[in-house]
Amino acid sequence: MAVSDHMPPEIKQRIVQEHVPGKEISLAHIIANPDKIMYTKLGLDPAVDYSKSAIGIMTVSPPEAAIIMGDIAIKSSGVEIGFVDRFSGSLIVTGTVSEVEASTNAILDYVGGKLGFTVCPVTRT
């Protein structure tokens, strides 16, 4: 008899991963004075004054809310939209540190207060 004859058959496990959409902003981060290479690698406009610049990054679920967030960002300060994706829920804005901070706070206030989203704290580097 072989050793393998005494071993129990291998139990196969099936793992199911799913995303349960909620109403939340899971990331709100401000990169103050990023290095120039960040703009290039992210495909953002590199023709900015890097000494006064910032990048704001946010993610949201449901992802379509990124469109609303982009609208709020533009209307609340002088930021420019670097990237918005209604399929992944990503939003990137650029501007001065104060503009990015103002737009981030306006977004969190609106979606948290008016739309009832759960919002995370703003982080900053």
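In this predicted model, the side chain of Ser26 makes a polar contact with the side chain of Thr59, at 2.9 Å. Ser26 belongs to strand E1. Once the neighbours within four places in sequence are set aside, Ser26 is in contact with Thr59 and also with Cys120. Another pairing shows how the chain folds back on itself: Ser26 and Val60 are 34 residues apart in sequence, yet their C-alpha atoms are 6.1 Å apart in space. Is Ser26 buried or exposed, or does it fall in between? Its relative accessibility is 47%, so Ser26 counts as partly exposed.

Ser77 sits in the loop between helix H2 and strand E3, the latter spanning 80–85. With a relative accessibility of 17%, Ser77 falls under the 20% limit and therefore counts as buried. A polar atom of the Ser77 side chain lies 3.0 Å from the backbone oxygen of Glu99. Glu99 is also one of the residues that Ser77 touches beyond four places in sequence, along with Ala102 and Ser103.

Attention now turns to the nonpolar residues. The largest nonpolar core has 22 residues, and those with the most contacts inside it are Ile25, Met58, Val60, Met69 and Ile107. Which elements give two or more residues to this core? They are strands E1 (24–32), E2 (54–61) and E4 (90–95), together with helices H2 (65–76) and H3 (97–113).

Which residues does Ile92 contact, apart from its neighbours within four places in sequence? Leu44 and Ile55 are among them, and so are Gly56, Glu80, Ile81, Gly82 and Phe83. Ile92 can also be placed relative to Ile30: 62 residues separate the two in sequence, while the distance between their C-alpha atoms is 9.7 Å.

Technical notes
Residues numbered from 1 in each chain as written. Predicted model: local features only at pLDDT ≥ 70, side-chain atom pairs only at ≥ 80, totals over all residues. Heavy atoms only, no water. Core = buried A, V, L, I, M, F, W, Y, C linked by side-chain atoms within 4.5 Å. Buried < 20%, exposed > 50% of the residue type's maximum accessible area, 1.4 Å probe, protein only. Helix = DSSP H or I, 4+ residues; strand = E, 2+ residues; numbered from the N terminus. Contact = heavy atoms within 4.5 Å. Polar contact = N/O pair within 3.5 Å; in protein donor to acceptor, adjacent residues only side chain to side chain.
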